Each structure stands twice: as C-alpha cells, then as structure tokens.
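The sequence and the model are shown first.

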Amino acid sequence: MRTGLGAGREHWREVLTAGGATSVPRWTLDPGSAVGDHETPIPPGVAAALRLLAEQLRVPMSSVLLAAHAKVLSALSGEADVCTGYVAEPGGKPLPCRLSTESATWRDLIEHTARIDAQTLAFRDFPVDELRTELGILAPPFETVFDPTGTAGDLARDTVLQVDVSPGWRRCGCASGPGCWIPKAPDASSATT
C-alpha cells in the first residue's frame, strides 16, 4: 500500500474529486429543525453470525458493517457508487469514504470495502479539510455518517443521517437531521392478529 504524505494527498484528492455527496430521501414534507433518534438492539445471533463472517473473510467487523451500510445507501439513493462519512477510529472525525456497490457477490463487496477501510485508516491523519479548501470543493463530501465505533457523538451540521454501532456490537442507532425522518418499526405488542 502507498504510504507517506504524497500518497495520502493523492488518495484524498481521488476521493474528493470522484463525485458529489450521496443524497438520501428526506421522507417528510415538513423538514422542521428537529433531530430524530432510533436505537435497536442487535440480536446476539446476528452479531455472532457477522463476527463469524468477518473471521472467515479475514476482514475487520467494521468492513462487514460498512459494506452493508454502503449497500443500503445505494438502494436509498439509486446510485451504485456512494460516498459516506466514516468514523475510522474511536473518537475520530468522519472522513469521506467512497465505495462502489457493483460487486457481483457480498463476499466481493466486503473484500472491496475492507481495502477501502484499510486505505481510510492508513491516511486518516491527512488534513482532508485543508485539501478540500485548496481544491475549491465547497459542498460537504457526504451527508450520511457511518460510525462502527459508536463514538461520533451528536450530528454534525451538514449530516442528514448518522448510523452507529455501539462498542461490543450490542445496539445499532440512527439519528436523522432536519428534513430527514426515520420511520420507526412497529411495536410488536401493537400488532393485530
């Protein structure tokens, strides 16, 4: 893998200039200014199956989850190539992460994502915002954020949707910014027979 300042600059230049942000549907006619939250437990069997898959493919669990996140963004946006903010390390700020979801199989998608994940980690200390300014890119490179560390905190001003997974993979949370509404799953106790 390329390393060094020049390699980091080239990596982020490619990511930033490859295209615009991936937009997600707003699902509301009244954007308002409220932020919505939804949190759900991850069933232990699902978490175990995901860990096993990551082990079998010899990739980090974050890559498996990032691949799934990219596939959902692709379905929501209708775009095969997506860009999301990605929190690559605990306490880190979201970095632009551009992924193609055109892989023939889930295995291919996860392996592709693992390579992008590794590049993002390798170049995470590069001053991406300074390069954006230098390149004259004014618009935010993403409006969604995926945080597999569960440490990103509150929604940033330009973030419309943030998905995070708690440390230990016990819960998944979504937060939506103004203009984006997260549909809640129906309560099982209110279902009619």
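In this predicted model, Lys93 and Asp129 form a salt bridge, with 2.4 Å between the closest N and O atoms. Lys93 sits in the loop that runs between strand S2 (81-86) and strand S3 (95-100), while Asp129 belongs to helix H5 (residues 128-135), so the pair ties together parts that are 36 residues apart in sequence. Both partners are partly exposed: the relative accessible area of Lys93 is 47%, and the relative accessibility of Asp129 is 37%.

Asp129 has a further partner in Arg132, and their side chains meet in a salt bridge at 3.8 Å, N to O. These two residues are three apart in helix H5, which puts about one helical turn between them. Arg132 counts as buried, because its relative accessibility of 15% is under the 20% cut-off. Through shared partners, the salt bridges join Lys93, Asp129 and Arg132 into one network.

Another salt bridge links the side chains of Glu111 and Arg107, with an N to O distance of 3.4 Å. Both residues lie in helix H4 (residues 106-122), four residues apart, or about one turn of the helix. Glu111 is partly exposed at 25% relative accessibility, and Arg107 is partly exposed at 48%. The count of salt bridges in the model comes to six, including the pairs in this table.

| Salt bridge | N to O distance | Placement |
|---|---|---|
| Lys93 and Asp129 | 2.4 Å | loop between S2 and S3; helix H5 |
| Glu111 and Arg107 | 3.4 Å | both in helix H4 |
| Asp129 and Arg132 | 3.8 Å | both in helix H5 |

Which residues that line the second largest pocket are the closest to its centre? The second largest pocket holds about 250 Å³ of space. It is lined by 15 residues, and those closest to its centre are Asp129, Arg132, Pro141, Phe142 and Asp158. Strand S3 and helix H5 each supply at least two residues of this lining. The largest share comes from H5, with three residues. By residue class, the lining of the second largest pocket has nine nonpolar residues, five charged ones and one polar one.

The next site is a threonine side chain. Is Thr22 buried or exposed? Thr22 is placed in the loop between helix H1 (5-17) and strand S1 (36-41). With a relative accessibility of 0%, Thr22 counts as buried. Its side chain reaches the backbone nitrogen of Cys83 at 2.7 Å. Leaving aside residues up to four places away in sequence, Thr22 touches Leu73, Ser77, Glu79, Asp81, Val82, Cys83 and Glu143.

The chain as a whole gives the setting for these sites. It has five helices and six strands, and from the N terminus on the elements run α-β-α-α-β-β-α-α-β-β-β. Of the 193 residues in the chain, 39% are buried. Among contacts between residues at least 6 apart in sequence, 63% join residues at least 24 apart.

Conventions. Residues numbered from 1 in each chain as written. Predicted model: local features only at pLDDT ≥ 70, side-chain atom pairs only at ≥ 80, totals over all residues. Heavy atoms only, no water. Salt bridge = Lys/Arg side-chain N within 4 Å of Asp/Glu carboxyl O. Buried < 20%, exposed > 50% of the residue type's maximum accessible area, 1.4 Å probe, protein only. 1 Å grid on protein atoms, 1.4 Å probe; cavity = no way out; pocket = protein on both sides within 12 Å on 5 of 7 lines; lining within 4 Å. Points joined across faces, edges and corners; volume = space filled by probe spheres on them. Nonpolar A, V, L, I, M, F, W, Y, C, P; charged D, E, K, R; others polar. Polar contact = N/O pair within 3.5 Å; in protein donor to acceptor, adjacent residues only side chain to side chain. Contact = heavy atoms within 4.5 Å.
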